[in-house]
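These entries record what I looked up in one chain.

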Amino acid sequence: MGLLSALFSGNKPEDNQQEKQEQKNFEILKYDGIRARNINRLDYAIRCFEQAVTLRNDPETLHYLADAYIKAQRLDEARNTLNKLTEAAPDDVSALITLAHTCYMQEDYESMDRACQQAIKIDEKNASAYYLASKAAHGQGNDLQAIVMVTKAIALDESFVAAYRFRAETLWGMKQAKEALEDIEQVLSINPEDEDALLLKGTIFAAQGQTEDACLCFDKVMENNPFNEKAYILKGELLAGQKEFDKAIELYTEALELMPENAALYQERGRIRLLNGDKEGSIEDMKKVIELNPESEQQINGKFDNQGNIGGADNPASIY
C-alpha cells in the first residue's frame, strides 16, 4: 500500500527516504546545538543551528540561532536571523521583542521602535513591548514619549521593576526629583536591595544636599555588594565635593584592596589625590590606570591638563 501511494503521488521511495534522512539530520543538529548552548559552547551551538536551518526553516531553531548570536555578541548576524524569522512568522511577538533588544544593543533606536510598534499592534497588552518602546523613545531624545510608553507598561504590570526604575531615571533626567523618588520607592518596596535604585536614590539625595541620606544609600549598596564599583565612585565624588579628600582617598583605597585591577578606581583616587595636593601619589595612580587600560591615556591627558599640569616637557609624568 505504501508503494502504491508513493507511485500514485509521484514520489519515488528513495525521495521519501532522503526526506526522512534530512529530517533526522535536522533533529540531530538542532538538539546537538541546544546541548552545546546549555553548556555555553556557543561556537559549536551556532554551527549546529546554522546547518539545521539550511535543512529546515524552523522558527524555533531560528530563535535558538539568534539567541546564540546575541550571546556571542554577533549582533549583525542576530539581526539578520531575526529579520528572517519575523518575515516568516510576522505574528511572532517574542521574535519582535528579541529584535527590539538587539536593536537597543546596537543603539538603532528607530528600528527598535518599529519592532516594538509591530509587537504592540499584535499584542496590545504586552508590557515588555511598551517598556522597550519607551527606551527607544528615550534613545531618540523624546523623553515625554518615553514616559507615556513606560507608564503604559506599568499599568499592564504593576510589578514591573525595570519599568519603574527606567521611569525614575528618565524623570530624574528631566529634574523631576519628587516623582523619580516615588518610583524608586516603588522599586525598593518590591526589592529592597535593588542596587541601581539605591544608587539613583543616593544620587538624587546628593544633588539635593542631603549628604547623610545619600551616603546611607551608597553604604547599603556596598554592604550588600562590596564589588559595586559605581557605589564607591559616587560616594567618593560626594566626599570630594565636601572637600573631605582624605576620606575619599581612604574609601578608594579600601575599594582597591577588593578590586586591585580596577582602572576606574585608580583613576578616581588619582584625581582626588591631585586635588588634595599629592602630585606624586596621583602620578602613580595614573601610571597604574594606563598599565591596566592603555586606551585611557588620551582621556587622562585631557582631564589632568584641565586640573593642573603635573609634569613638564622634561618630566616623564607629562604623559598624564
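I took helix axes as lines fitted to C-alpha atoms over the stretch in contact, with angles running from 0 to 180 degrees between N-to-C directions. Helices are DSSP runs of H or I with at least four residues, strands are runs of E with at least two, and both are numbered from the N terminus. The model is predicted, so I kept in mind that local features need pLDDT of at least 70 and side-chain atom pairs count only at pLDDT 80 or more, while totals for chains, interfaces and linings use all residues. Residues are numbered from 1 along each chain as its sequence is written, and side-chain values use heavy atoms, with hydrogens and water left out.

**Entry 1: whole chain.** I found 18 helices and zero strands. Of the 320 residues, 43% are buried, where buried means under 20% relative accessible area, exposed over 50% and partly exposed in between, with a 1.4 Å probe and protein chains only. I counted a contact where heavy atoms lie within 4.5 Å. Among contacts between residues at least 6 apart in sequence, 45% join residues at least 24 apart.

**Entry 2: α14 and α16.** At what angle do the axes of α14 and α16 cross? I read roughly 5 degrees for α14 (residues 229-241) and α16 (residues 263-275), whose axes come within 10 Å. The two helices are therefore roughly parallel to each other, a class that covers angles under 35 degrees; over 145 is roughly antiparallel, 65 to 115 roughly perpendicular and the rest oblique. By class, the contact has six nonpolar, no polar and four charged residues. For these classes, Ala, Val, Leu, Ile, Met, Phe, Trp, Tyr, Cys and Pro count as nonpolar, Asp, Glu, Lys and Arg as charged, and the others, Gly among them, as polar. On the α14 side I noted Glu229, Tyr232, Ile233, Glu237 and Ala240, which meet Ala264, Leu265, Glu268, Arg271 and Ile272 in α16.

**Entry 3: nonpolar core.** I defined a nonpolar core as a set of buried Ala, Val, Leu, Ile, Met, Phe, Trp, Tyr and Cys residues joined through side-chain atoms within 4.5 Å. The largest one has 91 residues, and those with the most contacts inside it are Tyr131, Ile184, Ile204 and Leu265. Its largest share, eight residues, comes from α8. Beyond four places in sequence, Leu265 is in contact with Glu229, Tyr232, Ile233, Tyr252, Ala255, Leu256 and Met259.

Entry 4: Is Asp285 buried or exposed? Asp285 counts as buried because its relative accessibility is 2%. Asp285 sits in α17 (residues 279-292). Leaving aside neighbours within four places, Asp285 is in contact with Tyr266, Arg269, Gly270 and Arg273.

Arg273 lies in α16 and, at 18% relative accessibility, counts as buried. With the same exclusion of neighbours within four places, Arg273 is in contact with Ile249, Asp278, Gly281, Ser282 and Asp285.

Tyr266, placed in α16, is buried at a relative accessible area of 12%. Not counting residues up to four places away, Tyr266 touches Leu256, Pro260, Asp285, Met286, Lys288, Val289 and Leu292. Tyr266 and Met286 are 20 residues apart in sequence and 7.0 Å apart in space, C-alpha to C-alpha.
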